[in-house]
Amino acid sequence: MPVTPSVLPVLPLKNTVVYPELVIPLAVGRPKSLAAVKAAVDAGQPLLTIAQRDGTLEDPDRHELHDVGTLVSVKRVERREGGAQVIVQGVQRVKVLEAEPDTDEYLKISYELLPKLAVVDTDPDAARIDALVRENLALGRRIAQIFDAENGPQMFQQLIGTIADPVIQMYRMASLANLDVEREQEVLSAPTTLALMEKLHEILLHETTVNEVRREIAEQAKHDIDKQQREHLLRQQKRAIEQALGEDASASEEVAELKEQLTKANLPETVQKEVDRELKRLGRMSENAADYQVARSYLELIAELPWNDRTDDTLDLNHAKTVLDEDHYGLEDVKDRILESLAVMQLNAGAKAPIICLVGPPGVGKTSLGQSIARAMGRKFERLSLGGLHDEAELRGHRRTYIGAMPGRVLQAIRRAGVSNPLLMLDEIDKLGRDFRGDPAAALMEILDPAQNKEFRDNYLNLPFDLSKVFFITTANTLEGIPRPLLDRMEVMELTGYSDMEKREIARRYLIPRQQVETGLKREQLDIPEDALNTIIRRYTREAGVRELERTIGRLARKRARQVLESKITAEEPLAPITDASLKELLGAMRYQSDKSRESQPAGVAAGLAWTEAGGDVLYIEAVLTHKDEKVTLTGQLGSVMQESAKAARSYIWSAAEALGISRKCIEKRGVHIHVPAGAVPKDGPSAGITMATALASAYSGRPIESGIAMTGELTLSGLVLPVGGIKEKVLAAHRAGLRHIVLPKDNEADLEKLPDSVRKDLKITLVERLEEVIKVAIPSLVPGDCAAVDD
């Protein structure tokens, strides 16, 4: 329906008024209000803004609106979530008449324009109006000065003084005076210029009085605070006079006790100077002062730190070896390194403590080994978990200027230990975080550097503390997450996985007795025969460490504990022994079955060996021939290095086809698809090079690879087999999987010395330098010129 000139859409206002000539933003959210704005904008017409008599009403009618409103022009509409912001400019005051009957979509009201107010010389009240204008401007300037004595008048001049029309000046002052909507409406409804000036004078006079009273209250409050500070200063002076006269009766018992603790601490000279200064400062403080508790906590930390207290190391090598052997089976390299350190410390008491990084998969005993080392040396043991640590201040501490500041974790651990030379284990150092709060790894470089940690300064303590006597041991699952500068400060010792024989010994010596104690079973009630234990190790667990093995034995022990109680309650016959056959009833179905489908492999399938954070693993690589247009297809979520290895393997086989005994025509006429199972697991690395080449040779020749053989090694385009890492983990994984023939690079021969004797005796290991040797060993049935069926 088109809008007539005498009837316009209405925008009801809850808590404000729009004055003529002023621009104001309005937040519009009610559906009818939004519809009214849209109708006015679409028709290119102005809009009526009228204040509500009751601001709580959501849908007011004509009788709930004031009788005087403002004709406004819509300058801009900005859509926002839940409504819109409308920028309007007042045009002229209007008298509100009657509402139109058809008001379902939005309210429409007829109106009459009211005469514009102005200051004219011919007005009989011109002199009074002029005086009121000046008085109102003076009052407005006074209010501005009360709010801000320095910038208030200037701001008033910028907002009001730049307006030439006195009436618009009054409207602007009314809009800035923070009035309630009723008084704003009274200003808008003033029928004459004189009435407007008088009404605004009344309002400004009231506001001036209120603001002056507020200023007096603020000044009185400031005076009271100054008085309290003055009294505090006088009390401090009084205390100083009493101390000068030897009348220090006000010193609290707590401060006196703190002084005594600091005296007994036998502090270094530099620390003692700082302590004396802080004690004097504490003595001058009121117990109610904000800094009193901060200073007291700081001095308590200094008193509790073991500046000169230390434990005497047990340097008896035989005792240390006995303790280490009691707690851990195997790990000879680590044990030898600890005994070497003890020998050096016995010959040179001033030798710096070593910093060792134990690297290995989960469950191989890194943390428990640190506890055993501490027991062997007779040192206190403390452990810090660094996994997920992001804030550098967690290690260095927070500065005392911050609320809730604390010393770093290193100093807190030393305070808990009570000695300056504990064994401090920093667990999961490879899982440190880094963000905007700093780099904890950078802080560790100072802590773990023997050349710097002699005078380590914690941010909270801010005094040099000697960490050079602390025996630091760090642990990690892999070296990849450790920054190189930090790694350079540590001596890395690898703890690889255990063989089946080692797991049996660990279970016999440690795991089974521990579960007997925890479940309350007697030895004969948890007697696990050799064959049953082997089944548990091979069919219920598959890991580098023994953590899952201990959980499985614990589950078995709980089942036996229940059987013991039930047999007593029901008076049954003696408890049946644990056998290989009864494990299924006690532990459920076997989790890992022997991979019989891999015992007889078709052509194109080769067993490779991979290294993971959890130890070694067997990785089967499958290759099949496809249409020649497909060339090389790679699947199984392979990384870029592994993809390059596959391409290099195919290129070398093509170039050396005659030497390898493979028909080149077979390679040229067919494409190849290489797949590595477990496609959900990302895989990468160069060590699968010879495995991929062997799988390709088997696929092209149609000859299967010998069963029970696994291999690892990097392949070059010239056919050389290069050494790779993780040999012990990979060989142990092959041994667990029942693969007894291992092909390794010749240059990895030295790594075989790390293998347990029982594993080496059980394996046939072939060392190779070129791919031709690998093919000869893996595919002995290959006949020169062999080729899988190829369609011409």
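Modeller: Helices here are DSSP runs of H or I with at least four residues, strands are runs of E with at least two, and both are numbered from the N terminus. On that basis the predicted model contains 27 helices and 22 strands.

Strand β7 (residues 355-359) pairs with β12 over five bridges, and Leu-358 has Thr-475 as its bridge partner. Strand β9 (residues 423-427) pairs with β12 over four bridges; here Leu-426 stands opposite Thr-474.

In the whole protein, 47% of the 792 residues count as buried. Of the contacts with a separation of 6 or more, 73% join residues 24 or more positions apart. The radius of gyration is 44 Å, whereas a compact globule of 792 residues would have one near 28 Å. Along the principal axes, the C-alpha atoms fill a box of roughly 125 × 100 × 70 Å.

For the surface site, helix α3 (residues 152-161) includes Met-155. Met-155 counts as partly exposed because its relative accessible area is 45%. Together with Leu-159 and Leu-176, Met-155 makes a nonpolar surface patch of about 270 Å². The accessible surface of the protein comes to about 40300 Å², with 49% belonging to carbon and sulfur atoms.

Terms used
Residues numbered from 1 in each chain as written. Predicted model: local features only at pLDDT ≥ 70, side-chain atom pairs only at ≥ 80, totals over all residues. Heavy atoms only, no water. Patch = residues over 30% accessible without salt bridge, like charges linked within 9 Å, V, L, I, M, F, W, Y side chains within 5 Å. Areas by Shrake-Rupley, 256 points an atom, 1.4 Å probe, with all protein chains shown as cover. Salt bridge = Lys/Arg side-chain N within 4 Å of Asp/Glu carboxyl O. Buried < 20%, exposed > 50% of the residue type's maximum accessible area, 1.4 Å probe, protein only. Rg over C-alpha atoms; globule rule 2.2 N^0.38 Å. Contact = heavy atoms within 4.5 Å. Pairing = 2+ DSSP bridges.
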